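The tour moves from the whole chain to single residues and pairs.

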Amino acid sequence: MGYSRTIFFTVFCLIPLLIQCNLPTDAGGETINERTVVVYLNEGRNLAPDTDITIGSTLNDSVIYTGLTNKKGEFVVPKLNSGLYAVFFEKQKNGKDTLVAFQNSVFISPDKHSLENDTLRNPGVIGGVIQFPEYDNTPENLRRITVHILGTIRNSNVGADGSFLLTNVAPGSQYNIKINPNRAGYTTQFLNDIVLPLDKNERILDTIYLKLDSIAPVEIKGLSYDSLNGVVQISWNPALERISYYEIFRYSINKSTDQLEHVKSYSRDTVFSDTLFSLTENEIKMDLDDTSVVKLEYRVEAVNERGERSIFYFNKEDTISVRSPWPYRSTFTSSLIDSATGQSISRPTVNRTAGFTYTIENEKHPFKKVRLLSAMDTVAIDFDSAVTVFSDTLYLNRSRPGEEYIIVEVYDSLGNRRIFCGHTTSITTSDLNYFIADFVSEPKNLIIGEPIGASGEIGYETLMLHDHDTLSVTLYLDDKQIGYKDISLNAVSPARRIPFTFDPSETESAIISSPGTYELKLIVKNSLSVFETDTSDNVQVIEIEVTDLDLKISRVVCDPQFPFDGDRIRCGAWIRNDGTSDFENNFHSKVKFEINRNEIPSGYFYNELKSGDSVLVWSSDFGGEAMIWRAKNSPFTISASLILNDDVPNRDTATTSKSLKVDVSDFNLKLENFDANLSSDMTAMHYSALVRSEGLFSKDHPNFAVDSFPLSFYIEDELDTMILISLDELLQEQRLEISVSKEICICDFDLNTINFRAVLNPDTALKEITYDDNSKNAVLLRRAFDINGNFDRLDQEGNIDGWIDTVVNGVASLRHNRNGLRTAYSRTVSIVSYGGGHAVWKHPIDITPTKTYKVSGWVLRDNIDQDSSEWPPVSIGFYGTGHILAIPETGSHDWTYFCGLITPDGLVGRYYISCNLGFDRIGSNENNASGRVSFDDIRVEYYE
């Protein structure tokens, strides 16, 4: 009522003011008329068309009016009942961003309003946390709270931690927030004049604590049932304020109608005893003979002096189950024994007699009659007088398994029948039988020096379930116990197999040191006090063969040993048997090969392997080109693993794998030096070369199958000569010097430069990593003397430059003219003698004695004749030395090329090259010649 009075007073005071004032306008623009307002975008300049407008009451959650601004952002205020309203503006900008504005406590009536022009702004949020008192502050209660902005449809759910968040809140506006706890004992709270600052987009309120308007609930701290006396004990925590008394409520749940029965009790203490059952008739609250279980629910309410009551919340822990104490005052015991052995059993066995012995005792209530009912028997026993104790035995013999119930009815001294659960006994006749379904040694194939284990399955034949059975499994080696374990079984399904394992690590004492045949025995027993239908299948014996087999990979090999890049690789492994037992191959043994962890086809071996023998196993060719491994430039690793069939025991598995790192061959032949020189007499070529080998190689490589390889020598790309180099010699020495000589006719080469080339291993019969360094070149350069040998160059006097004409003997004429060999304008020299004589054209030349020179040119002869045949009629050579090139033919001959080698001696002081008709040598007879001879293109050359 305080809140309502405040609102009323506020409205009453505002009405006169609102009637007297004019409608205000926003800075963004003026109102169009007295009932029109304008809404602007957040810039304050642009209008906001199609803006949603919601008008609601500031006193409740109701929305009274909704509408839109027109295309000009204008809105006509509706004529509502006079009162205060909240107006909410909202617009989506660009289809995604939301702009909002809000005005609270706006007066609207049919005649006037106080709604102002407004500007839309980016929205913000207002959040906070709400908390109940500790005893009510649970996630379930917190989620029930709702938070609402009065006059709008804006609300927020509350999370399990009490947090809430109101979105699309207009900055700068005042909001009234309503908090509804939605829980008994708590009233609605209001938060008035909450403002989100203009410069912020978020405001988190201080924690809001809800207060209980009534007395706090009473918490029951203890609830128990005395089953022997039929009394429920209740205790609770005292109330937090002063009270007059506590009121206790008990609800008895009727199972048939599911209705509640209400009983009241009063107490000033915080404990209470509720007697439910009593043997005195006038105290009975519940039927003593009703032995069913009843579920009761209790609650406690506190009442103060004003008569106000505490609120009540149901707690599932405030319930308890009770039943009549009559069964608890009696004792009933029973047991099963095997009739033949007198042994106590838990279940009878089919076709075997068992005795059901029972005892009934009730000291407070004597009984006079007992009746037993079973599936096949009904026994009634009457006593002459009432007794407090009775024992008897019922004998059972069933032909099929199954569960049955023996019901014992006890009649008291008044003849009333008392049946309780303790007198209904379930007895299951068993057809239990365990048998050994599977039994093998572990490992299946044994080798000396390793422990022996075993594994298998125990079969379970029965139509009934047997819970919590334990099987004892005992393992023997030649009647010596080597293992024992208990197998715990819980609710094993019928016809199920029960696995067992004796790991070799559990039987380390059972190590066999010599090969041979041994017996392994297994015995199974159950721990239940139940006889099996058949015990003959609880023992099984197997024979095991123990060998001494030790296969290992002794070495991994690669073919070729040092492969080249691109070579096909074949892998191999030597398998050796170091055991004392022979290996009998079962055609499933193989060697798994990998190169750089890439598997290639395995290798198989099919023969027996005697003790101490070895066998080489190669990788197979299966798979074609796709499975072929080819070497690359880098080293690689071959891994080999021996794979034996499961039934092959091997003593040392650590040696069944081995690897080999293979280096790729970098073998190379290299021609380091090569020279080509003419002999001093220019009649032979002398070749010299230096050959080197380097890098890894293996003689088993197919590229090293040859014994020798060639070294070839070429002149102007034509083979001149070749020699064979011994591969063994080169590999041993690694460096060989080679010298070869070959006759040559230098006159066959009219070249300024003669090119020579030596090529090592030209047919690549030997594989190398490169052939780029297998050849080298050499050259001979032709050097010519400048002797004006074409006679075209003249001196200042018009004579042929450098040439001297000389008549040595007789009569001769020496001429030069323009009838040259090459063109009509080239010059030649000639010697003419018709009476016989000796004349020369000569040119000084700086030659070295004893060095050979090539002399060549052209000669034209006309009617040549001579006096003596000792010397040729025409010649060219070194004047006065006798070293000439003879042109012996007489007669007439057209231009003829001549070439030859001359090696002068040192008999003269100065040397001339001379063209001769006739001949005269110091210390020899003259030889005159006649006729006409012409010379052209005379050359004197040498090579270096």
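A residue is called buried when its relative accessible area is under 20%, exposed when that area is over 50%, and partly exposed in between, with a 1.4 Å probe and protein chains only. The model is a predicted one, in which local features need pLDDT of at least 70 and side-chain atom pairs count only at pLDDT 80 or more, while totals for chains, interfaces and linings use all residues. Residues are numbered from 1 along each chain as its sequence is written, and side-chain values use heavy atoms, with hydrogens and water left out.

**The whole chain**

Begin with everything selected and colour by secondary structure, where helices (H or I, at least four residues) and strands (E, at least two) are DSSP runs numbered from the N terminus. The protein shows 4 helices and 62 strands. Of its 944 residues, 45% count as buried. The accessible surface, computed by the Shrake-Rupley method with a 1.4 Å probe and, for residues, with only the protein chains shown as cover, comes to about 48,000 Å², and 46% of it belongs to carbon and sulfur atoms. If contact is taken as heavy atoms within 4.5 Å, then among contacts between residues at least 6 apart in sequence, 68% join residues at least 24 apart.

**A buried threonine**

Now select Thr474, which lies in strand β35 (residues 469-477). Is Thr474 buried or exposed? Thr474 counts as buried because its relative accessible area is 9%. Show its surroundings as well: leaving aside neighbours within four places in sequence, Thr474 is in contact with Gln481, Gly483, Tyr484, Lys521, Leu522 and Ile523.

**Two nonpolar cores**

For the next stop, a nonpolar core is a set of buried Ala, Val, Leu, Ile, Met, Phe, Trp, Tyr and Cys residues joined through side-chain atoms within 4.5 Å. Select Met685, Tyr687, Leu711, Phe756, Ile831 and Phe935, which touch the most other members among the 67 residues of the largest such core. The largest share of this core, 7 residues, comes from strand β62 (residues 929-943). Another core lies apart from it and has 31 residues, among them Val473, Ile482, Ala510 and Ile542. Return then to Phe756 and display its contacts beyond four places in sequence, which include Phe674, Ala676, Met685, Tyr687 and Tyr714.

**Salt bridges**

A salt bridge here is a side-chain nitrogen of Lys or Arg within 4 Å of a carboxyl oxygen of Asp or Glu, and by this rule the count comes to 26. Select Glu247 and Arg309, whose side chains meet in one of these bridges at 2.6 Å, N to O. This pair links distant parts of the chain, 62 residues apart, with Glu247 in strand β18 (residues 245-253) and Arg309 in the loop between β21 (294-303) and β22 (319-322). Glu247 counts as buried because its relative accessibility is 0%, whereas Arg309, at 37%, counts as partly exposed.

Asp274 lies in strand β20 (residues 271-275) and Arg250 in strand β18, so the pair ties together parts that are 24 residues apart in sequence. Both Asp274 and Arg250 are buried.

Move on to Arg861, which forms a salt bridge with Glu889, the closest N and O atoms being 3.1 Å apart. Arg861 belongs to strand β57 (residues 853-866) and Glu889 to the loop between β59 (883-887) and β60 (891-902), so that the pair, 28 residues apart, links distant parts of the chain. Arg861 is buried at 5% relative accessibility, while Glu889 is partly exposed at 40%. To close this stop, select Glu247, Arg299, Glu301 and Arg309 together, which salt bridges with shared partners join into one network.

**A pair of cysteines**

Select Cys558 and Cys571 next. Cys558 is buried, with a relative accessible area of 9%, and Cys571 is buried at 0%. The structure as a whole holds 0 disulfides.

**A patch on the surface**

Finish with Leu719, Met722 and Leu724, which form a nonpolar surface patch with about 320 Å² of accessible area together. Patches are made of residues with over 30% relative accessible area and no salt bridge, like charges being joined within 9 Å and nonpolar side chains (Val, Leu, Ile, Met, Phe, Trp, Tyr) within 5 Å. Leu724 lies in strand β50 (residues 718-726) and is exposed, with a relative accessible area of 57%.

Notes:
Disulfide = S-S within 2.5 Å.
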